[in-house]
Structures are given as C-alpha cells and as structure tokens.
Amino acid sequence: MKATKYILVNGKTTSIDVVDNQIAKIDEKEATPKISRNENNEFEVELNKHTFAGEVVRLKQNQCTVLLNGNTYNFTIETEKSFKRRKKIAKKNAVSKVAITAMLPGMICDVMVENNQTIQKGEVLLTLEAMKMQNEIVAPISGVISKIHIKAGDNVLKDQMMIEIDPKIKK
C-alpha cells in the first residue's frame, strides 16, 4: 500500500512517500533509510551513508519531538488528506488586509506613511493624541499601505478605521 505523508518542520513541508510501511521517497528523491532501535530505546537512522542517533522525546497524536545528534526537532506528521484540508483552510482564512483602528477617541497629530509605501512590522505609522497623551501607532505586520483614511488634524472616534495594510509586499 502506497501513501504520502507530510512532515512539517518550522513551517517547511517535506513529503514522504511510504510503500508497505517503508519510506521510499523523501521530497520526490529515492530514499531507503534504515531505522533500528538500540537497548537504550534510542534510534539509529542510516540515510545516504550518514548515521544519525536519536531519541523520540515526545509523541502525542501527530505532534512529535525528536532529539537527533544533540539537536531538538519539533514536527507534525500529516496524511495527504489532512495536509490538503489544512492548506485549504489556511488559504480560506488568509488575511487580505489589516485595518488599523483608533483604540481611543482623539486627534491625529501626524501621519508618517503614504499610500503604496512599503512598511516593516513595528514601524511608526501615525501619532494619535488621546487623553492629553501622544501615542505612536505602529504597524502590527510588514506590508504595503493600501489606504489612509485620516490626515493630520482629524478627530477620530474609538474603533474608527485609520489605515489599511496589505500584508503582501509588492516587488
């Protein structure tokens, strides 16, 4: 029986083709790892003439933590069906734009960005004076300013939209 599994390590996907419970391919490349367990309940993996000593530290459902050659790796193992479903849900829930709203009513002192400007997470977008204090409003994500709804001197209400950010960086 042939199946494809997906291992997700730090956001990077690796596909593993399994035939009769044996790994046949890793990322579309032929692979025949030899896995054995020693008396200390540790694993030895031999792959492409390299030997790796490891230990499964934690295994809970499809989440796994492995200690391999002194390094710790956390990964998720998914079936092809669950992988495709997760990708579809992530695509459906992808953020198209982020709205920066006023957290308090106040007056806009200064706007430091322009439409179509590329910004980095943490960059100051504007200064809002509220309750006799000047508050620097910073970008929660990196992206491109898609629309500015306010200008210096404007009064804003709580939750009023001030700036929209497109998370996709234009190239």
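This is a predicted model: local features need pLDDT of at least 70, side-chain atom pairs count only at pLDDT 80 or more; totals for chains, interfaces and linings use all residues.
A salt bridge, as the term is used here, is a side-chain nitrogen of Lys or Arg within 4 Å of a carboxyl oxygen of Asp or Glu. Residues are numbered from 1 along each chain as its sequence is written, and side-chain values use heavy atoms, with hydrogens and water left out.

By the salt-bridge rule the count comes to 3. One of them joins Asp159 to Lys158, with the closest N and O atoms 3.6 Å apart, and both Asp159 and Lys158 are exposed, where exposed means over 50% relative accessible area, buried means under 20%, and partly exposed lies in between, for a 1.4 Å probe and protein chains only. Another links Asp154 with Lys151 at 3.2 Å between the closest N and O atoms, and Lys151 is exposed, at 54% relative accessibility. In the salt bridge of Lys25 with Glu30, the closest N and O atoms are 4.0 Å apart; Lys25 is partly exposed because its relative accessibility is 27%, whereas Glu30, at 63%, counts as exposed.

Let me turn to the strands, which are DSSP runs of E with at least two residues, numbered from the N terminus, and which pair if DSSP finds at least two bridges between them. Four of them, in the order 14-13-11-16, form an open sheet with antiparallel pairing, and its edge strands, each pairing on one side only, are strand 14 (133–138) and strand 16 (155–156). Strand 11, residues 106–111, pairs with strand 13, residues 124–130, over 4 bridges in the antiparallel sense, and the bridge partner of Val111 in strand 13 is Leu126.

Finally, the pocket: on a 1 Å grid over the protein atoms alone, a pocket is an open set of points where a 1.4 Å probe fits, with protein on both sides within 12 Å along at least five of seven lines, and lining residues have an atom within 4 Å of a point. The largest pocket holds about 1,200 Å³ of space, a volume being the space filled by probe spheres set on the points, which are joined across faces, edges and corners. Its lining has 26 residues, of which Ile7, Ile23, Ile35, Val45 and Phe75 lie nearest the centre, and strand 7 gives the largest share of that lining, 5 residues.
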